[in-house]
Amino acid sequence: MTKHFCSLAIRYAAVLFTAGFLLVSCTNEPPPTPKDLAQEAIIPRPVSLEATGSSFRLTEKTKIYVQAIYPDLEQLGQELADMLNPATGLEISVKKTDKVPGAGHIYLALVGDEAGLGQEGYQLEITEKQLTLTANQSAGIFYGIQTLRQLLPASIELGEKQEGPWEIASGTIVDYPSYRHRGAMLDVARHFFSVEDVKRYIDLIALYKMNVLHLHLSDDQGWRIEIKSWPRLTEIGGSTKVGGGEGGFYTQEQYKDIVQYAADHYITIIPEIDMPGHTNAALASYAELNCDGQARKLYTGTEVGFSTFCTAKDTVYAFIDDVFRELAALTPGPYLHIGGDESHVTPMEDYIPFINRVQDIVAAHGKEVAGWDEIANAEMRPGTAVQLWAGTENAKMGVEKGAMLIMSPASKAYIDMKYDSTTELGLSWAGYIEVDTGYIWDPAAMAAAEGVDKNAILGVEAPLWTETVTNIKELEYMTFPRIPGIAEIGWTPPALRQWDEYKQRLGRQKARFEALGVNYYASPKVPWAE
Ligand code: TNX
């Protein structure tokens, strides 16, 4: 529009002044459209937001300036440009600078120890003239960019040029997370998910500022990560899946690619090797891991609790040492997850010394232990993370022994549960979890009910077990729209979380889900906005 107006003006002027030179000012852009930042549907809801009633417009002249001294900022600036350019049709470029840029531009800067923002917080200052995104660390800039995405129309997600204008409501957002662990878990053992599928899931959870992806890499039905010193794990143990048929596994190169892709999205991968139960795939691969020295048959059903490593054998600990050595070398994050759940055929007097010894092995490889809540029966090293799923008593015991908690209560956070009785996919042993049920809970309040202090909570995690979930579209159907709610629980303080308000914001994600091609469940609980 504006461009058209200017070029017409130039032509008209050229007719009037057939000779000589001419100065035409094309600064008379239409004024910024009034917009109300407080009406934008941002998930997770920001901690504080002040609207000033106007907007910042992206134009052909807009550039992204980044502080020259931080290489991460140039990378983030480029990601922002790559997010903006396809749909706007603009060619916004990234420029390094030593000073605050003039009017009309976006500026990304690290500001040192800005009070209250922490390691992941950010501040967005949006005026008609400038959009400034600041943080203490680059993670905050990344999260600020995710907020910016949501301040633009959903069509920003599309790969081809769309109709503008591209205006961002003005005001100030100061935002930081409640919890440092905001995660999703994906079971790639029951059904295998390709590198591309995992990257797609990373893309989707990063939009909601999640920072952990826990990969459940082994179970009775499959072993999914290459271990070079024990090759039959993937050769045999990785060969099948629930229901039978071809399984799959990640080579170490592929796994590194996932870890790097996650890191680029400020997501840490937590690898889980479940033990001593949930180990049939390993027990089928190596006879010596069984007490009777007999390899088990591969298993493609969905029962749990029937398998166990032979906790009395040194070979088993040598095996675990090799597995965790190789896994630690692939893992930049602090945790290795040792599972430890539902070991129904491992007597407690064997289970406890086993978990203690495995914790020593993990520590020897320089990592901290995470495990399902049953591990709290063992000794707890400082730094251990106990993941509450069913046993609030276990969680409490773990905290008393010095562990921290990851909150994944099955009746709230298990996104493999059906939404209601008509949901075709999923299980229902922990109940139906409609979108409201999955949203209306608070980790600190839940822990407090058990006498556990908020400070013992690392954060929240939503597990997707995949007995019934076989591909990425089914994954999306179970996770959307519940995962944005879990992300908000991890980020936004409880006082700012009310279902009646949240459901409006969620309903307004419809266009974005569609632009992203997400196969979401159109829950009747949510007022989906057309
Ligand atoms: C329990 S939760 C399990 C998993 C199943 C899940 C199904 C947990 C630590 N163990 O083995 O896949 O239920 O919902």
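Biologist: Which ring does the charged end of R357 sit over?

Modeller: A charge sits over a ring if NZ of Lys or CZ of Arg is within 6 Å of the ring centre and within 35 degrees of the ring normal. For R357 the ring is that of Y317, with the charged end 3.7 Å from its centre. K209 does this too, over the ring of W491, 5.6 Å from its centre. Keep in mind that this is a predicted model, where local features need pLDDT of at least 70, side-chain atom pairs count only at pLDDT 80 or more, and totals for chains, interfaces and linings use all residues. Residues are numbered from 1 along each chain as its sequence is written, and side-chain values use heavy atoms, with hydrogens and water left out.

Biologist: How many aromatic pairs are there?

Modeller: A pair of aromatic rings is described by the distance of the centres and the angle of the planes. Rings of Phe, Tyr and Trp (its six-membered ring) pair if their centres lie within 6.5 Å; planes under 30 degrees apart count as stacked, over 60 as edge-to-face and the rest as tilted. That gives 25 aromatic pairs. Take F192 and Y250: their centres are 4.7 Å apart and their planes at 45 degrees, so this pair is tilted.

Biologist: Is Y250 buried or exposed?

Modeller: Buried means under 20% relative accessible area, exposed over 50%, partly exposed in between (1.4 Å probe, protein chains only). Y250 has 1% relative accessibility, so Y250 is buried.

Biologist: Which residues form one aromatic cluster?

Modeller: Y208, F480, F513, Y520 and W528.
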